[in-house]
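Hi everyone, thanks for making time this morning. Let me put the structure up, and then I'll walk you through the parts I found interesting.

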Amino acid sequence: MSEYETHVKPLYDRDGNLHGVLLSPEIWEKAGKKISEILDQAQDKQPTSEIHQEPIEDWETFKDYWDFKYPFNPGVTCNACGAKSENWEEDTPRVFHLKNASLSGLLVFHCEKCGSTVRKKHFKDHVCLEATKPSGESCEPECIYPE
Ligand SMILES: [Zn+2]
């Protein structure tokens, strides 16, 4: 048995299909941290860099300076494909990515499901949701009048 084989053992099920790979404690000690990072990356469909590009500071400012007449609501709906989120920041995996947040009341999201651009416009007493499909076609805007 080679050095490599003592530390890295492929495990086969009874039909001879690879079931997994067993790592020795010694090799895990040495390489576990690096391997974990690679595994995390392999499982993460959305590169973290993309998430970091979200204007989260603008979003925080937007929430901090909330002065509309109705309560703040973090929900987003895509009228192009029907994707819906009660709180876009907390979805796993995320359905909406923030592209722009402006103190004037405009939030721009990217819908991961259909690729549309979703705009959530906050007015004094109502909110309008608009979606533009990747083809450039605009969907019927939806306006909500909170109580
Ligand atoms: Zn969509």
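The largest nonpolar core here has 15 residues, and those with the most contacts inside it are Val 76, Cys 78, Phe 96, Phe 109, Cys 111 and Val 118. By nonpolar core I mean a set of buried Ala, Val, Leu, Ile, Met, Phe, Trp, Tyr and Cys residues joined through C-beta atoms within 7 Å. The elements giving two or more residues to this core are strand S5 (96-101), strand S6 (106-111) and strand S8 (127-132). Helices (H or I, at least four residues) and strands (E, at least two) are DSSP runs, numbered from the N terminus.

Please keep in mind that this is a predicted model: local features need pLDDT of at least 70, side-chain atom pairs count only at pLDDT 80 or more, and totals for chains, interfaces and linings use all residues. Residues are numbered from 1 along each chain as its sequence is written.

Val 76 lies in strand S3 (residues 76-77). Is Val 76 buried or exposed? Val 76 is buried, because 22 other C-beta atoms lie within 10 Å. The cut-offs are 20 or more other C-beta atoms within 10 Å for buried, 12 or fewer for exposed, and partly exposed in between, with C-beta atoms placed from the backbone. Leaving aside neighbours within four places in sequence, Val 76 is in contact with Ser 85, Trp 88, Phe 96, Phe 109, Val 118 and Lys 120. Contact means that the two C-beta atoms, placed from the backbone, lie within 7 Å.

Which order do its strands take? Its 5 strands form an open sheet in the order S5-S6-S7-S8-S9, with antiparallel pairing. S5 and strand S9 (142-144) are at the edges with a single partner strand each, so one side of each has no neighbour in the sheet. On average, neighbouring strands of this sheet are turned by 20° against each other, direction ignored; here axes are lines fitted to C-alpha atoms, for helices over the stretch in contact, and angles run from 0 to 180 degrees between N-to-C directions. Strands count as paired if DSSP finds at least two bridges between them. S6 and strand S7 (residues 117-122) are joined by 5 bridges, and Leu 106 has Lys 121 as its bridge partner in S7.

Pro 93 lies in the loop between strand S4 (84-85) and S5, and the peptide bond from Thr 92 to Pro 93 is cis, with omega near -10°.

Over to the other strand pair. Strand S1 (residues 8-12) and S2 pair antiparallel over 5 bridges, with Val 8 opposite Leu 23. They form a hairpin with 5 residues between them, and Gly 16 in the turn has a positive phi of about 85°. Strand S2 (residues 18-23) is hardly covered, with 0 buried among its 6 residues.

Finally, helix H2 (residues 25-43). The number of buried residues among its 19 is 0, so H2 lies largely in the open.
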